[in-house]
Amino acid sequence: MTEARTKKMEARDVRLDFFNGRMKQELTVLDGIDLTVYEGELIAIVGPSGCGKSTFLGAVDGLVRVSAGEIRVDNRRIEGPGGDRAMVFQNDSLFPWRTVIDNVSYGLDLQGKLSRSERRERAQSLVELVGLKGFEKHYPHELSGGMRQRVNIARALATDPELLLLDEPFAALDAQTREFMQVELLKILARAGKTAIFITHQIDEAIFLADRVVVFSARPARVKTIVNVDLVGQRTLETKMQPRFRELYDHIWRLIEEESARTGLITSAVGA
Amino acid sequence: MSSSASPASAPTRVFRSRHSLWQRNEDFLLGFFAILGFLIFWEVAVAQAWINPLFTSSPLRIVRSGYQAFADGSIYNDLSVSAIEFALGYGLAVIVGVPLGILMGWYRRLNALLEPFVNALYATPRIALMPLVIIWFGVDMSSKVAIIFLSTVFPILVNTMTGVRTIDRDFVKVARSFGASDSQLFLTVALPSSVPNLLTGLRLGLGHALIGIVVGEMYGASAGIGYMMQMAGSTFQTDRVMVGIIIIAAAGMALTHVLKMIEHRFEMWRADHRS
């Protein structure tokens, strides 16, 4: 990673506390997150279950307010949701009353910057980008899980965000569809030329997709390590067979295991 | 069903059953024949003088009485009076209940102001208000419109309100993530999510409206199906009472069926429908 590259997102000492009303206690979810994402990069964040990965992503999107520190996108401090970021949620959350194309143009409709025909045109091009030409008039319930996530991604890309945030978008898909969608996502992002932060609990998914894998510590989350994914060649389904892929996988798995053991999520570290 | 085929084993039967008229419509046909059997038994029981038609009437007598009522035109006035009362009362309830339900679902303060009234009136059998309604509106059509309105407006209002309030949290997140304002959240998420519940309210309101018609007209009226039944009943014209019952039941079933079909069409919009 050369420092000459443009910083797209920068989190500085981000702290986030939740007040749990029932337990009457404050819970620190994020405790001093420092992370920089460069333009055009795809970053994957992994970590022990419940460590606060999704909360961090929510903070970047502006849906949750940070308690201390700051997050900057294109050097602008984040105060709330904005058109420069878009989130792909885990549940596809497509509106059942909107057709595919109307779902894709949702963000554009809210912004109201473009004329109706321009919004249509833009949405149409996104539908085609994610490979759903011919399904514009379909309703979400008429689509498969994989297709719905394509619509979900298209909806996020439609507003032309600088930074795409993906919160375990493939978690609900079956294993085969997930692998296929991983390849598709890389193609889509390459075509759209976007910077992206991807949250997953699947280590192989993280390695496969990302330029760098960020490992979060157990809660309260901090950046434990950042692993450079130094795989050669284009990512294809065969990439996962490479010995180096295996090595990275074991390395990251051990880091997560360490964290899980430290907080008692698992009782003892099993030798890998 | 001939028994000669029974040793010919299951596969043949399965194959044939797919094409048999009976198998494809079994549930419907069972119901149909159950009703047919009941009607025949009823008719025979009267013909054999097992039961007294003065109390029970009989299928043929009801048909004859119904035919006569339509043939001599005596029923049209009652039918149209009831239909107009229904249309006005139900229509008013929709016009008032739907917008008010939406507003109460969306604005917490408005809801806090009005909810005690709504709850109290929703819990009261509105038919209990009939004496008051007669005092206010008299015995002509307007009192029936009023009681139908009162019967119908609350189920519509309460269900619409619930619909607006139960929004899928994921949808809210999506809308907020795209920077939706409160009014945009209302228009693009809350309003469409409320449609399935609204339709349920309309269907439930229908049943209440029919009760309103019949009881309202029986209580004090000069025309209408309920009035006709009341008059027929007090002069022991059991056949004619039965005709009234069938008309009300048929209207209820037909309207409910239409609304159920519309509801089914919008079932996918329901917040808890998705996994």
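Analyst: Two strands pair if DSSP finds at least two bridges between them; strands (E, at least two residues) and helices (H or I, at least four) are DSSP runs, numbered from the N terminus. This is a predicted model, in which local features need pLDDT of at least 70, side-chain atom pairs count only at pLDDT 80 or more, and totals for chains, interfaces and linings use all residues. Residues are numbered from 1 along each chain as its sequence is written, with chains lettered from A and ligands numbered from 1 in the order written.

User: What joins β6(A) to strand β7 of chain A?

Analyst: There are 4 bridges between β6(A) and β7(A) (residues 163-167), so the two strands count as paired. They run parallel, and Ala86(A) stands opposite Leu164(A) in β7(A).

User: What makes both faces of strand β6 of chain A covered?

Analyst: Arg85(A) and Met87(A) on one side, and Ala86(A) and Val88(A) on the other, are all buried. Buried means 20 or more other C-beta atoms within 10 Å of the residue's own (exposed is 12 or fewer, partly exposed in between).

User: Why are α11(B) and α12(B) called oblique to each other?

Analyst: The axes of α11(B) (residues 182-219) and α12(B) (residues 225-234) cross at roughly 55° and come within 7 Å. Under 35 degrees is roughly parallel, over 145 roughly antiparallel, 65 to 115 roughly perpendicular, and the rest oblique; the pair is therefore oblique.

User: Which residues of α11(B) and α12(B) meet?

Analyst: Among them are Ile213(B) and Met218(B) in α11(B), and Ile225(B) and Tyr227(B) in α12(B). Contact means C-beta atoms, placed from the backbone, within 7 Å.

Key:
Axes are lines fitted to C-alpha atoms, for helices over the stretch in contact, and angles run from 0 to 180 degrees between N-to-C directions. Two residues are in contact if their C-beta atoms, placed from the backbone, lie within 7 Å.
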